[in-house]
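Me: I would like to go through this structure by question and answer, with the terms spelled out along the way.

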Amino acid sequence: MPDTSMPRQADPSTQATELDALVIGAGFAGMYQLLCLRDRLGLSVKVLEAGDGVGGTWYWNRYPGARCDSESHAYSFYFSDELLQEWEWSERYPQQPEILRYLNYVADKFDLKRNIAFNTRVTSARYDEAANRWHVTTEAGDLYTTKFLITAVGCLSSANIPNIPGLDRFAGQWYHTGQWPHEGVDFTGKRVGMIGTGSTGIQAAPVIAETAAHLTVFQRTANYSMPAQNHPLSTEFKQWVKENTGELRRMMQSTPNGHPFANEDRSAHDVTPEQRNAIYEKAWEIGGLQFRATFRDLLVDKSANDTAAEFIRAKIRQIVKNPETAAKLSDIDHPFAAKRPPIDTFYFETFNRDNVSLVDIRANPIERITASGIETKGAEYPLDIIVFATGFDAMTGPLLRMDIQGRDGLALKEAWNAGPRSYLGLQVAGFPNFFTVTGPGSPSVLCNMPVAIEQHAEWIANCIGHMREHGLERIEAKAESADQWVDQVNAAANATLLPQAKHSWYLGANVPGKPRVFMPYAGGMARYREICADVAANDYKGFTLSA
Ligand code: NA7
């Protein structure tokens, strides 16, 4: 029997498909990149996608309770007024199945699927300098050659499954939330253990608890969370959105995080403690990420941040009835919003159920998984199902799991062995005609993703259009531009409290052995948009373009 787990070598007799541009991934980013390059520039484009449908993140993340943390009317493509008028979201925060329906609707409306090869995983890409072409190989051994190679692989698509001894001996079932079975998982009557209390675990726990016999949540780092206050959207609201798409687009493109609400321009110290409390109370009632926008200094001034952090800790202690559990849940070691702040639907309330318990694995770490469950220091938890809500090898993981080689055989893994180095999060020195949509060094995960994606896909398409117009064949970031940009990314992060969260995936700290580098650009999406526009307007300064 051949070993089908290994990628097949390309058969030298296999004919390569010739393309102008090849895009990897068919989520929001790959779909829009395809549309920009095919329909606006008329290029021959193919998208290669590992899944059997469009959706990316929303194709894979089918865990119970999976929901977007951006409001639905902002978690949309804004490039087409017609699309904005046609589509109606049903809830304030859309659930995974609805987002997947939306993306399929978009793919069908713009006839995108005919240029997407599904069930096609890219294993390697190699730049051939003499021919100025990229040679791309898939797991099935298919070959493509292309002038432009664009990754649209998502920031959170490479599952992080912790290497806990004994997992292979576990007699029950286990799942990672980012690789959830399409047929779902029946928790009825089962003893379920869930590891991880990030946005995913916080969404999943209340839903799993509804049917499981018992849910044990294994918490390493306690987390802040604000109520989503999710609700069905009224007819009036849907109408209001349709009548205000221009203003919404303008607002999302001018705020630091790409959301359709402004950050208040006041300090947490400008008001009395009573007024501050009333402001937090109101934001808590409104729900969602607007809480972070209540004061301008929450992310830059620790004493301002402390006021928000203490408000949320007090809420947790008020909601959770068992004082010991409440103490563990509110013993949070990082500033508010220094890690991605989750929003939830009855997460803390879930711990008031008789069938839910919390285990503090910071105090008593997991030692091993046995055939019958999880063993921590001093206790054993018999389980039928283990859910790993343990996040992702974020941002660089999906890029580095492919073997990408630039000029002179330079491997991306090698170029980034001390952490990602990229100019604008768009291009890597030594990798000509290779672009990364929402790559490390761009605002990406610090922004409402569709806003960041539209800006990148359009910038890349405009750049390729400019090259064609001027008879240019090759674009490559200069090494010194990438170095200077990495300095700016570090400076932007260090001007905030974000690097203070020691266990944050923004820093790569959740994956053992990963270099600790703050990856997204924290200077704000609006500022970043201006920088990119300025670079393009000044003959793509910082890049080398050649005929
Ligand atoms: P996150 O936010 O990375 O959360 C992962 C959780 O899993 C977090 O609580 C981690 O604890 C925990 N974790 C990770 N590895 C381990 C090990 N080895 N042992 C115990 N616990 C572990 O991922 P999510 O999927 O929740 O969210 C990702 C993003 O998706 C989110 O930020 C939104 O942007 C959408 P830790 O904090 O590292 O101590």
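Me: Are Y521 and Y528 buried or exposed?
Reply: The model is predicted, local features need pLDDT of at least 70 and side-chain atom pairs count only at pLDDT 80 or more, while totals for chains, interfaces and linings use all residues. Residues are numbered from 1 along each chain as its sequence is written, and side-chain values use heavy atoms, with hydrogens and water left out. Relative accessible area under 20% counts as buried, over 50% as exposed and in between as partly exposed, with a 1.4 Å probe and protein chains only. By that scale, Y521 and Y528 are both buried.

Me: Which geometry do W87 and W89 form as an aromatic pair?
Reply: Rings of Phe, Tyr and Trp (its six-membered ring) pair if their centres lie within 6.5 Å, and planes under 30 degrees apart are stacked, over 60 edge-to-face and the rest tilted. The centres of W87 and W89 are 5.6 Å apart, with 75 degrees between the planes, which makes the pair edge-to-face.

Me: Why is the pair of Y521 and Y528 called tilted?
Reply: The ring centres of Y521 and Y528 are 5.9 Å apart, and the pair is tilted because the planes stand at 45 degrees.

Me: What is the relative accessible area of W89?
Reply: W87 is buried, with a relative accessible area of 17%. W89 is buried as well, and its relative accessible area is 6%.
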